[in-house]
Amino acid sequence: MIEINQVKNLNEIQNGTLRTRAERAQSGRALEFIAKCDDLESAFLSFEDWSDKSLGFIYEIYVLPEFRNKSLGGSLLKKAEDVAIKLGCTKLQLDVHAFDRTLDKSSLYSWYSEKGYIRASSNSERMEKTISSK
């Protein structure tokens with residue numbers, strides 16, 4: 001079972017890797033979320049609120065290697081989309097980076113494309129998706 005909760009205090013995060021990522025992602029506009037799989041911290045989302053520009057930005061989605069291929073990334077991506085819609089955003093953007101170097105960028109581009117994201121331009125790492133409440 002996957003459970004996703006917003007983190008109000010980074011000291012709540014027990015997993016050192018996920019806490020370090022959350023600390024690095026912190027900004028005045030960031031909202032951090034932790035995903036648990038069977039009650040174990042397993043993944044992290046940093047969402048930046050740019051709703052004043054009708055935009056949400058995914059700074060990072062990170063799934064611990066031992067929890068990959070369990071739909072956590074997709075669940076976090078859906079959470080980011082839901083948060084963006086609630087904030088009144090019409091577009092969600094992200095830059096594709098393989099932060100931990102265990103995944104190659106081409107597979108990440110493919111994964112985001114499957115989720116409805118398109119490249120902002122042919123020579124850009126940025127991908128985006130138009131979103132709306134349904």
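1. Two strands are said to pair here if DSSP finds at least two bridges between them, and the elements themselves are DSSP runs, numbered from the N terminus, with helices being H or I runs of at least four residues and strands being E runs of at least two. With those terms in place, phenylalanine 33 can be described as standing opposite leucine 45 in strand 3.

2. A word on the basis of this note: this is a predicted model, in which local features need pLDDT of at least 70 and side-chain atom pairs count only at pLDDT 80 or more, while totals for chains, interfaces and linings use all residues. Residues are numbered from 1 along each chain as its sequence is written, and side-chain values use heavy atoms, with hydrogens and water left out.

3. Taken as a whole, the protein has 3 helices and 7 strands, and from the N terminus on these elements run β-α-β-β-β-α-β-α-β-β. The radius of gyration, taken over C-alpha atoms, is 14 Å, close to the 14 Å that the globule rule (2.2 Å times the number of residues to the power 0.38) gives for 134 residues, so the protein is as compact as a globular protein of that length. Along the principal axes, the C-alpha atoms fill a box of roughly 35 × 30 × 25 Å. Of the 134 residues, 41% count as buried, where buried means under 20% relative accessible area, exposed means over 50%, and partly exposed lies in between, with a 1.4 Å probe and protein chains only.

4. The strands form an open sheet of 7 with the order 1-2-3-4-5-7-6 and mixed pairing. Strand 1 (2-7) and strand 6 (118-119) stand at the edges, each with a single partner strand, so one side of each is left without a neighbour in the sheet. The pairing of strand 1 with strand 2 is antiparallel and covers 6 bridges; within it, glutamate 3 has lysine 36 as its bridge partner in strand 2, and isoleucine 4 has alanine 35.

5. Strand 2 (30-37) is mostly covered, since 6 of its 8 residues are buried. This strand is joined to strand 3 by 8 bridges, and the two run antiparallel. They form a hairpin with 2 residues between them, and aspartate 38 lies in that loop. Phi of aspartate 38 is near 50 degrees, a positive value in a residue other than glycine, and the residue is exposed, with a relative accessible area of 53%. For context, most residues other than glycine have a negative phi.

6. Serine 54, in the loop between strand 3 and strand 4, has a positive phi of about 60 degrees although it is not a glycine. Serine 54 is partly exposed, with a relative accessible area of 30%.

7. Strand 4 (residues 55-63) deserves a separate look, because 8 of its 9 residues are buried and it is largely enclosed by the rest of the structure. Isoleucine 58 in strand 4 is the bridge partner of phenylalanine 47, and isoleucine 58 also has leucine 94 as its bridge partner in strand 5. Strand 4 and strand 5 (residues 91-95) pair in the parallel sense over 4 bridges. Together with helix 2 (residues 72-86), these two strands make a right-handed β-α-β unit, right-handed meaning that, with the strands pointing away from the viewer, the path from the first strand over the helix to the second runs clockwise.

8. The largest pocket holds about 560 Å³ of space. On a 1 Å grid over the protein atoms alone, a pocket is an open set of points where a 1.4 Å probe fits, with protein on both sides within 12 Å along at least five of seven lines, and lining residues have an atom within 4 Å of a point; the volume is the space filled by probe spheres set on the points, which are joined across faces, edges and corners. The lining has 26 residues, of which Ile61, Val63, Leu103, Leu108 and Trp111 lie nearest the centre. Strand 4, helix 2, strand 5 and helix 3 (105-114) are the elements that give two or more residues to this lining, and strand 4 gives the most, with 6.
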